[in-house]
Each structure stands twice: as structure tokens, then as C-alpha cells.
Amino acid sequence: MVSGEEDGGKYHRFLNPKKGGFRAASFIFGLTSLDTTAFIVCIVTMFLYFMRVMYFDLAGAANTMTNFMGCSFLLSLVGGFISDTYINRFHTCLIFGCIEVLAFALMTIQANLKSLHPSNCRTNNCVESGDCKRSSCLEGNIAFMFYISLSLLALGSGGVRGSLPSLGADQFNRNDPKEAKLLGRYFNWLLLSTTSGSIIGVTVIVKISLTYGWWWGFLLSTILCFIGFSVLSLGTTFYRLQIPGNSPIIQVLQVLVAAFKNRKLTLSENADELYESKKEATLAPKLSHTNQFSWLDKAAIYRTEGTTPWTLCTVNQVEEVKILTRMMPILFSTIIMNTCLAQLQTFSLAQGNIMDLHLGSYKFPAASIPVIPLLFISILLPFYEFVFVPFARKISGHPSGITQLQRVGVGLVLSAVSMAVAGFVEVKRRNQSLADPKNPISLFWLSFQYGIFGIADMFTFVGLLEFFYREAPVGMRSLSTSFTYISLSFGYFLSSVFVDIINSVTKRVTPSKLGWLHGLDLNKNNLNLFYWFLAILSCINFINYLYWATWYKYKVEETDTNQAFELHGSKAQDDVAQLKSEAQEEFASKAKTETQDPKPTIEARNEGSSPRNEAQEDASKLQNEARDVLLNTKEASGVKQTGDS
């Protein structure tokens with residue numbers, strides 16, 4: 001791990017000013033756009049692919065889809081762990097990119113060859129009577145290839161997500177005030193790159209998939225994915241690469257184990273007695289001791305008998321674990337929102353498929369309906385970046401206009417509204433379909449729930465990415481930004497759990513003895529009740545989030561410790577340089593005087609001193625003043641650190 005105390009400072013000291021910045025990030029934006037174009041096709045079409053080609057039932061297709069997405073996001077931890085520990089983030093992206101391209105190629109082959117498609121095991125009588133016990137018709141080698149390709153795609157795409165956002169953020173030096181202000185803009189443009197790629201994917205490539213065959217869509221995804229990683233490799237000479245170090249997970253475990261082993265030791269009230277490394281300090285901000293989670297401080301109690309990394313840890317290590325611990329409630333508070341997102345990628349697509357798909361004379365693919373929230377984001381994100389943020393910054397004084405946690409909170413509220421609206425739209429759709437099956441309502445009624453949720457995602461996703469990157473210790477940034485995807489992963493898994501539980505419970509209590517989400521016919525289901533259930537759950541979750549967001553304290557008051565050091569530390573470093581320069585000039589001036597007029601020097605030596613000695617003393621005094629300026633600035637930046645109320 002690259003610690004904030006040691007390697008983090010060395011990393012920032014040796015940053016090449018000719019590398020990094022938006023020039024390097026542009027290659028990352030290029031990959032993000034192309035890779036998203038490829039991956040979004042899977043998200044919006046695979047649900048229909050599972051039902052029409054692989055013959056899953058409604059619940060089976062939804063659960064397979066959400067389980068796949070959950071695994072994909074969960075495996076971002078693998079990419080984050082590897083890029084923090086063994087391989088730099090750039091090479092981690094390339095390795096997992098190769099796996100992703102291979103997965104798309106296998107899916108293309110299976111979609112193209114009829115011999116690799118299962119036979120339809122579902123008869124009309126079976127479906128209507130509800131006697132179908134199997135959720136899919138997959139078996140044997142066909143099932144093996146299907147699940148292998150999905151597993152490789154989840155691994156490849158997850159590994160890339162775990163390392164790519166941090167690779168881009170590394171191109172901006174957080175110890176440089178000018179570059180630090182660009183970090184928030186980088187995350188906004190990363191979302192815009194994702195959005196632009198998604199728009200192309202859900203319109204052009206989805207249309208090709210549904211018109212010319214599923215394998216065409218997977219083939220185009222393979223090609224785009226390959227081009228994307230080729231673009232990433234072109235920027236090799238422009239990247240600032242952070243050297244991986246010790247495993248962050250191992251260091252977290254060391255703190256937990258040491259705290260447990262030392263649990264019977266008495267913790268001193270004086271925090272200065274806790275163990276800290278004697279290694280030379282650097283300009284990188286050091287984590288100050290906090291009183292929160294004091295039981296972890298026992299890991300830093302010095303023991304006279306044999307000490308190992310598993311019995312004694314530094315205060316800095318302990319504080320890093322405290323930061324991750326404080327993040328956990330925020331992470332878990334966003335899971336319900338991502339459970340709602342899963343419904344827009346499964347059941348909402350099933351709704352759209354039986355609605356009026358015509359926009360005038362043009363038949364709009366149901367799988368392309370997500371283009372509506374994407375267009376909302378594309379329009380609102382520049383407005384947010386160039387209008388709202390400068391305006392809010394003048395009022396709040398925060399570099400990003402509003403804090404990251406405020407941004408997440410706005411998204412959580414909008415996600416609850418989206419689910420409530422989705423329930424009303426489903427009631428209208430079902431009533432019209434039952435009254436006049438030949439004249440269904442327009443597909444674009446779904447744009448209300450999609451549009452609201454798109455805005456919610458704009459606030460929450462970027463807010464979480466920036467929050468985890470800014471608050472995390474230097475060597476845990478890939479791992480911590482992966483937390484955003486862990487929330488997505490748990491949200492998708494929870495969706496599968498909810499579908500199974502809701503079906504299991506409601507089929508016992510409803511008069512028809514059928515679950516809310518039973519079978520394939522949405523007109524015989526109660527999807528609207530499921531949406532409202534999620535809306536109510538989202539409201540309860542928001543109250544929970546408010547508690548934890550209020551409880552959470554940023555590193556320095558309402559801003560980031562590093563950010564404060566960036567603003568004040570820059571001035572301190574300028575003061576250091578000026579004082580050192582003055583010392584050198586004074587020393588040179590007195591030395592020159594001594595050379596030109598040796599008489600005063602002789603007299604001075606007789607009295608026990610010399611101009612040269614005086615110059616050396618003055619220079620030493622000035623350098624001590626310079627050091628005090630820098631240390632005082634660092635101390636001021638860390639004094640109000642998280643949890644020290």
C-alpha cells in the first residue's frame with residue numbers, strides 16, 4: 001500500500017508536471033465511452049435475450065440478469081485490490097480488458113450458432129398452468145458455455161471498473177491547488193463519457209441487435225471494447241502511474257488482529273504514547289489521531305515483548321482503518337437505490353416490450369428507452385458543472401458547490417420518487433391493456449420514471465465516486481472507489497432476494513395463490529405493488545442515510561483534509577522557498593564581505609566569532625523558521641480531522 005505518510009509524499013514529490021492532467025485523462029474518457037457502449041448493450045438487451053433465446057421465465061431472467069450485474073460490480077474489488085497491491089492501475093485495466101474482449105467474443109459465437117441455443121422446454125400449457133418448475137431451459141455444454149462467458153464478462157468488466165476511475169483521478173495532483181480543483185470536474189466528465197457511450201449503445205447497437213440478430217450486437221461490442229483498450233494503451237507516455245505497494249486489505253487485517261490481541265491492555269489517555277513510525281516525514285499530509293473507534297487504538301499500544309506487524313501498528317495505519325469504517329454506513333445506505341435501478345433494467349424493459357413502441361412512423365425498440373435518462377444527464381451535467389457549481393460555490397464556499405454527501409442525498413430522494421411514479425405508470429399501463437389490448441399506451445410513459453432516476457443517478461454515482469476517492473487514504477483509493485460498485489452489486493443481489501421473497505410470501509396470501517411477479521404475463525401480476533414497496537423502502541432508507549450523513553465528519557470540518565492542506569500547504573511551501581532563499585543570500589553576502597575585507601574578520605575572531613559563523617547561524621535560524629511554517633500549516637490542516645469533536 002502507498003501510505004499517506006511515506007510513499008504518498010514521495011509519489012507527489014516526483015510527479016512529472018509534463019504528464020497527467022486532462023490530456024492523459026482524455027484517453028481514459030475514450031476508453032470509458034467505448035467500453036460503456038459495448039457493455040450497455042448487455043445491460044439493456046440481455047434480459048430479453050435470456051427470455052427469447054435462452055428461454056428463461058420472467059423471474060428467472062430478472063434474477064439471472066441482476067446476479068450477473070451484481071457479480072460484475074462486486075468483482076471490481078478484485079481490480080481495485082490488484083491495482084493497489086501488485087500491478088499499477090494502467091496494466092490492471094489492460095489485463096482485465098483482455099478478459100472482457102474474450103468474454104464478448106464467446107457470447108458472439110454462442111448467439112450466432114443455433115447449435116449452442118437450448119431447445120424450448122416451455123409449452124403454452126405449462127406456462128399457463130404455472131407447472132413449469134425450471135427457470136430456464138439451459139443444460140449440458142450449452143449451459144456451460146453460457147455461464148462461462150457471463151462469468152468472464154463479469155470478471156473482466158469488474159476488474160476494469162475497479163482500477164480505471166482511480167487511474168484517471170491519479171492524473172490530478174491533489175497537492176497542487178489548481179489541479180485539485182479539476183478533480184471534481186474529472187469525475188463529472190467521466191460520467192459524461194459514460195453517458196455518451198450509453199446513448200450510442202442503447203440506440204444504434206441495440207437497434208442492430210434487435211433487427212439483425214443478437215450476435216451482431218455482441219460482435220460490435222467485441223470490436224468496440226478492443227478499440228477502447230487500444231485507445232487506452234496509446235496514452236502510455238502521458239500517464240502518471242502510482243506504484244503499488246503492500247496490500248491494503250492485509251494492513252486492515254493487521255490493525256484488526258492487533259487490536260484484538262491487545263484488547264486486554266489499558267489504553268492511555270495520552271495519544272502521544274501510541275506507537276508511530278520514526279521514519280522521516282514528507283510533505284504528504286499525515287493522518288492525525290482521532291478519538292472515534294478508540295478500541296482500534298489498542299493496535300498501536302507498544303508491547304515490550306516481541307512485536308510484529310500483527311501485534312503493533314502505527315497510528316497512521318489505525319486511522320486509515322477508521323476512515324474505512326466510517327465509510328461503511330454511507331456505503332450501505334445507497335444499496336436500496338441500486339435495487340431500484342435493477343428494476344429499470346429488468347421489469348421496466350418487460351413493460352416496454354408490450355407497450356406501443358411507435359414514435360410517429362418509427363418503431364422505437366423497447367430496450368432503447370434508457371436513452372431518455374441518458375439525454376437528461378447529457379443536458380444537465382454541463383449545466384450542473386458550469387452553472388450550478390460556480391453559483392453554489394459562492395454560497396457554500398465548497399470547491400464542488402455542495403458536499404459529496406449532500407449530492408448523494410439528493411439522488412436518494414429522487415430514486416424514491418422514481419419508484420412511486422413507476423407504480424402509477426404500471427397501473428395505467430395494465431388498466432389500458434386489460435380494457436383494450438389492441439391499443440396499449442405509449443412506451444414513452446416510462447420516460448417519467450427513467451428521467452427522474454437518471455437525474456438521481458447523476459447526483460449519487462458521481463457523488464459517491466468523488467467521496468470515496470477524496471476521503472480514502474492514498475494507497476486505498478482504487479479499493480475505496482470500488483465501494484461505489486459494491487453498493488451497485490449488493491443492490492442487484494438484493495433485487496433477486498426481494499423478487500424471490502415477494503413471490504414466496506404473496507402467493508400464500510393473495511386470493512389467486514399467485515405471486516406479485518409470477519409467470520410471464522405482466523397483466524396478471526402486481527408489478528405496481530412491488531414498485532411501491534421499493535418506494536416506501538427507499539423513504540425509510542433515506543431517513544437512515546440522513547442519520548449517518550449527519551454523523552459523518554469530513555477530514556477537516558466540511559472539506560477534505562488533503563484539500564485544506566493543498567490550499568494552505570502551497571503557501572507554506574512558497575514561504576519555505578522564500579526563507580531558504582533569504583538564508584542563502586545572507587550567507588553569500590557575509591561570506592563575500594569577509595573575503596573582500598579580512599581585517600574585521602580577524603578582529604571578530606579574536607572576540608570569538610566571525611561573519612561567516614554569524615551568517616551560518618542566521619541561515620540556520622531562517623531555515624528553522626521555514627520548517628516551523630510548514631509544520632504549523634500541516635498541523636492546522638489536521639487538527640480538526642474526522643471524529644475529533
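Helices here are DSSP runs of H or I with at least four residues, strands are E runs of at least two, and both are numbered from the N terminus. With that in hand, the protein comes to 21 helices and two strands. This is a predicted model, where local features need pLDDT of at least 70, side-chain atom pairs count only at pLDDT 80 or more, and totals for chains, interfaces and linings use all residues. Residues are numbered from 1 along each chain as its sequence is written, and side-chain values use heavy atoms, with hydrogens and water left out.

**The overall picture**

- Of the 645 residues, 55% count as buried (buried means under 20% relative accessible area, exposed over 50%, partly exposed in between, with a 1.4 Å probe and protein chains only).
- Take the contacts with a separation of 6 or more: 84% of them link residues 24 or more positions apart (a contact means heavy atoms within 4.5 Å).

**The nonpolar core**

- The largest nonpolar core has 150 residues; such a core is a set of buried Ala, Val, Leu, Ile, Met, Phe, Trp, Tyr and Cys residues joined through side-chain atoms within 4.5 Å.
- Met46, Tyr49, Phe50, Tyr186, Leu232, Phe347 and Phe530 have the most contacts inside this core.
- Helix α2 (residues 21–52) gives the most to this core, with 18 residues.
- Tyr186 is in contact with Phe22, Ala25, Ile28, Phe29, Leu164, Pro165, Gly168, Ala169 and Phe172, once you leave aside its neighbours within four places in sequence.

**How the helices pack**

- Two packed helices are described by the angle between their axes and the distance between the axes.
- The axes are lines fitted to C-alpha atoms, for helices over the stretch in contact, and the angles run from 0 to 180 degrees between N-to-C directions.
- Angles under 35 degrees count as roughly parallel, over 145 as roughly antiparallel, 65 to 115 as roughly perpendicular, and the rest as oblique.
- As for handedness, a crossing is left-handed if the near helix is turned anticlockwise from the far one by less than a right angle, and right-handed if clockwise.

**α14 with α16**

- Helix α14 (residues 371–396) packs on helix α16 (residues 447–471) at an angle of about 40°, with the axes 8 Å apart.
- That makes α14 oblique to α16, and their crossing is right-handed.
- On the α14 side you'll find Ile372, Pro373, Phe376, Ile377, Leu380, Leu381 and Tyr384, which meet Ser447, Tyr450, Gly451, Gly454, Ile455, Met458 and Phe459 in α16.
- By class, the contact of α14 with α16 has eleven nonpolar, three polar and no charged residues (Ala, Val, Leu, Ile, Met, Phe, Trp, Tyr, Cys and Pro count as nonpolar, Asp, Glu, Lys and Arg as charged, and the others, Gly among them, as polar).
- Pro373 sits in α14 and counts as buried, at 7% relative accessibility.
- Pro373 touches Tyr450, Gly451 and Gly454, not counting residues up to four places away in sequence.
- The C-alpha atoms of Pro373 and Gly454 are 4.4 Å apart, although 81 residues separate them along the chain.

**α2 with α9**

- The axes of α2 and helix α9 (residues 214–234) come within 8 Å and cross at roughly 160°.
- The two helices are therefore roughly antiparallel to each other, and α2 passes α9 in a left-handed crossing.
- Sorted by class, the contact of α2 with α9 has 19 nonpolar, four polar and two charged residues.

**α12 with α15**

- Helix α12 (residues 335–344) and helix α15 (residues 404–435) pack at about 40°, with axes 10 Å apart.
- α12 is thus oblique to α15, and the crossing is left-handed.
- Met337, Cys340 and Leu344 of α12 make this contact with Gly411, Leu412, Ser415 and Met419 of α15.
- Those residues divide into five nonpolar, two polar and no charged.

**Single residues worth a click**

- Glu319 is in helix α11 (residues 315–332) and is buried, with a relative accessible area of 3%.
- Leaving out residues up to four places away in sequence, Glu319 touches Leu287, Ser288, His289, Thr290 and Asp297.
- Thr92, in helix α5 (residues 89–112), counts as buried at 1% relative accessibility.
- Tyr55 lies in the loop between α2 and α3 (58–74), has a phi near 55°, a positive value in a residue other than glycine, and counts as partly exposed at 24% relative accessibility.
- Phe293, in the loop between α10 (248–261) and α11, also isn't a glycine and has a positive phi of about 55°.
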